[in-house]
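Subject: Structure handover

Hi,

Here is the structure I promised to pass on. Please open it next to this email and follow along.

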Amino acid sequence: MEQKDKGVDPGKYREEYQEWVRFALHSAGLGTWDMDPINHQVIWDDRCRELYGFPAGNHTTYENVLTYVHPEDKQLVETAVAKALANETNGRYDVEFRTIGAADSKLRWLRCIGQAYFNEEGTAYRFAGTAQDITKQRKNRERQAMLFSLAESSLDCMAASDIDGRLFYINPSGRKLLGIPQDLDISQLEDSDLYSPEHYQSFINNVLPALKTGRKWTGRLYLTHYTTKETIPFHADYTAIKDPRNNSFIGHGASLRDLRPELEAKKEQQKLLALLENSRDFVSLSDEEGHVSYVNAAGLKMVGLDTLEEARQHNSHYLMPGDTARLRDEVNVDLFTKGMWMGEISYRHFKTGEAIPVLATTMLVYDPLTGASQGRATISRDLREEKALHQRMVDNEQELERQVEQRTAELKKANIDLNIVNQNLEQFAYVASHDLQEPLRKINMFSALLQDKYANELNETGVRNLGIIRNAATRMTTLIQDLLAFSRVSRQDHLFEQVDLRKVLEQVVADLDVVVQQKGATINYDNLCKVVAIPLHMTQLFQNLLSNALKFSKSDVPPVINLTSRMMDVQEVAAHPQLQNGTPYCEIKVQDNGIGFAPTYARKIFVIFQRLHGRGEYEGSGIGLALCQKIVIAHHGIIFAESEEKQGATFTVILPAYT
C-alpha cells in the first residue's frame with residue numbers, strides 16, 4: 001500500500017507559532033496591545049493589563065487607558081498617538097511615560113512601541129504594539145545622571161581611565177586644577193602624562209597593585225600641572241572599575257583633593273601655635289560655653305597646671321570664688337553682646353590657691369569662611385609684679401626719698417673716687433704706652449745697631465744672643481700694645497651706633513692685603529647684617545678673627561675664609577641663656593680651612609695668654625681671641641668656636657641686630 005506524505009497541518013503550525021511568540025514576549029517582559037482607532041477600543045494581553053495596574057479584563061477604552069497615565073505625561077502620550085495615527089511619523093509610535101496603577105496605585109515607567117496601519121484612503125484602521133516596564137532602567141539612568149552631575153559639580157578632581165591607563169573622563173574641576181584645557185581631548189592623555197617620572201613610578205609600585213587585586217587605595221599622591229609642570233600634592237581615593245559580567249579589572253577611578261590650601265593653613269597654624277607657645281602671657285581657647293581646650297605653656301605655669309589634659313575644664317574653675325559671678329553677669333554678657341570683654345580679674349593658682357590678678361581680654365573667634373563662631377580666645381597678662389611694684393612704691397615713698405638722698409651723697413663720693421681711678425688709669429695708660437715702651441724701643445734700636453755694625457766682630461753665640469734680645473723686645477712691645485687694647489674695651493653705651501659689617505669687612509680686608517697676597521688667601525663674604533655696636537671695636541673684632549684664620553692656615557693649602565650672616569628666630573635666641581628674649585640678633589660665622597684644633601680647646605682659646613702652639617711655630621701674644629671675647633661681651637653678645645684637628649675652624653659671633 002502506497003504511503004502518502006501528510007505534510008504540515010496549517011492550523012497546528014499557526015497555533016504553535018502563536019504559542020512561541022507569546023513565550024518570546026513573556027520572556028522579554030513585553031505586553032501587547034491592539035487599538036481600534038475608529039471606535040477607540042483597546043485589546044491587550046494580561047501582561048499589558050498588569051503594567052497599567054488593571055485588576056481584570058482584556059478590553060477597555062483608549063480614554064480609560066489615558067486616565068491612568070501620569071498627569072505630567074498625559075499630553076506627551078496623546079501627542080505621540082495623534083502623530084502616529086495622522087501618519088506624521090510613518091505610523092511609528094515610541095514613547096516613555098509613567099502610569100499610576102488603576103488598582104494598586106503603583107507608579108511605573110513604561111516604554112510603548114507601536115505601528116499604525118492605514119487603508120487606501122489613508123485612514124488608520126489598526127494601531128498595535130508592545131508595552132515594557134522600564135522602571136528599573138529609568139531609575140538606573142536617573143542614578144547615573146545624578147552621579148554624573150555630582151562628579152561634574154565636585155570641587156575635587158574626579159577622573160577615570162581604562163586598564164591601559166588612558167583617561168576617558170575628568171571633571172571640570174579636575175581640568176582646572178591640573179591645567180588641562182577644556183577643549184583638549186582627554187582620550188589622548190595617559191595617566192603618566194600627569195606625573196613626574198618618579199611620582200608615576202610610585203603610582204605603578206603602590207596604587208596599581210592594590211587596584212588589580214580589587215582593593216581600594218587611599219593616600220597622598222603628587223601630580224604635575226599639565227601647563228606649568230608644578231608638582232601638586234593630592235589626597236587620593238582610588239577604586240578599581242570592574243566588568244559586571246565577569247568581575248575582571250577594566251580600569252580605575254579616582255577622587256583627588258588638592259592639599260595645597262590645607263598644607264598652607266597647617267603651616268600658618270604652626271606659626272600661630274609657635275607664637276602662642278612663646279608668648280609670656282596666658283593664652284587659652286575654649287568653646288562658647290567656656291570649656292577650655294587649650295592653654296599655652298606660660299598659662300599652665302601661671303596657674304600651676306602641669307599638663308594640657310589638666311587644663312581641659314570649665315573656665316569658671318580658673319577664677320577665684322569671688323569672681324565667678326562676674327564671669328556670668330559681666331564677662332559673658334559683654335562677650336555675647338559686644339563680641340569682647342576686657343578688664344581686671346583674679347585667677348587662682350590650682351596648687352597653692354594664690355589669687356593671681358590679671359588684665360584679661362576675651363573675644364569670640366569666627367570662622368573666616370562661614371562666619372560661624374568657633375568659640376572664645378583669652379589673653380591675660382600677669383599683674384602681680386606690676387601691682388607689687390606699685391604697692392612698694394606707695395608704701396616706701398618716704399623711704400625711697402631718703403634712700404635717694406643717701407644715694408646721691410654716695411654717688412658724689414663715688415664720682416670723686418671714680419675720677420681718681422680714671423686719673424690712675426690714664427697714668428697707667430701713659431706709662432704702658434710711653435714709659436714701658438720707650439726702653440723697649442731703645443733696646444730694639446741699639447740691638448739693631450749692634451747687629452748692623454758689630455755682627456762681624458761677634459762670635460756665633462753673641463749673634464744668637466743678640467737675636468734673642470731683639471725677639472724678646474719685639475714680643476714685649478706687642479704684648480704691651482695688646483694689653484693696652486684689651487684694657488680699653490668697655491661698655492661705652494653712648495658710642496654705640498648702627499654699623500654695617502660689610503663696610504667693616506671691606507676695610508679689614510684692605511688692611512690685611514699684604515698677608516692675603518703672601519698666602520694666596522681667598523676671603524668670601526656677601527651682604528652682612530647691620531648691628532648696634534662701636535665701629536672701632538667691630539674693626540678690632542674682625543681684624544683679630546681674620547688674622548687668626550690667616551695665621552693658622554695649612555702650609556700646603558691656600559687659605560679660604562668664608563663669612564656669612566643671618567637673622568636668628570626666637571627659638572634659637574631662647575636656646576642661649578646669655579641672650580635677651582625679644583631682642584633681634586644676628587649670627588655671623590667665620591669659617592676657615594686651616595689647621596683647626598681639638599674640640600677640648602674650644603673654651604680655652606678665649607683665655608688671655610692661652611696658646612695652643614709654641615712661639616717658635618706661630619707668633620703672637622695670646623691676647624687676640626681674648627680681646628674678641630671681651631668686645632663681643634661688651635656688645636651684649638656671645639662668641640664660641642667649633643673645630644676638629646686639621647679640619648679648619650668655625651667662629652660664631654652673635655650680636656644684637658639693627659632693625
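What percentage of the 659 residues of the chain count as buried? The answer is 35%. Buried means under 20% relative accessible area, exposed means over 50%, and partly exposed lies in between (1.4 Å probe, protein chains only).

Two notes before you read on. This is a predicted model, in which local features need pLDDT of at least 70, side-chain atom pairs count only at pLDDT 80 or more, and totals for chains, interfaces and linings use all residues. Residues are numbered from 1 along each chain as its sequence is written, and side-chain values use heavy atoms, with hydrogens and water left out.

The whole chain

The chain has 20 helices and 23 strands. These are DSSP runs, numbered from the N terminus: helices are H or I with at least four residues, strands are E with at least two. The chain exposes about 40400 Å². Carbon and sulfur atoms supply 53% of that area. The areas come from the Shrake-Rupley method with a 1.4 Å probe; for residues, only the protein chains shown count as cover. Now the contacts (heavy atoms within 4.5 Å). Among those with a separation of 6 or more, 54% come from residues 24 or more positions apart.

Start with β6, residues 124–133. Strand β1 (residues 30–36) runs antiparallel to β6, and 6 bridges join them. Two strands pair if DSSP finds at least two bridges between them. Leucine 30 stands opposite glutamine 132 in β6. Strand β5 (residues 107–118) also pairs with β6, antiparallel, over 9 bridges. There, isoleucine 113 has threonine 130 as its bridge partner. The hairpin of β5 and β6 has 5 residues between the strands. In it, glycine 122 takes a positive phi near 85°.

An open sheet

Next, find the open sheet of 5 strands, in the order β13-β12-β16-β15-β14. The pairing is antiparallel. Its edge strands, β13 (292–295) and β14 (340–348), each pair on one side only. The twist averages 25° from one strand to the next. Axes here are lines fitted to C-alpha atoms, for helices over the stretch in contact, and angles run from 0 to 180 degrees between N-to-C directions.

Inside the sheet, β12 (residues 282–286) and β16 (residues 373–382) share 5 bridges. Valine 283 stands opposite isoleucine 379 in β16.

Which strands does helix α11 (residues 324–338) lie across? They are β14, β15 (355–366) and β16. Helix α11 runs at about 155° to β14. Helix α12 (residues 384–395) lies across β14, β15 and β16, at about 140° to β15.

Best wishes
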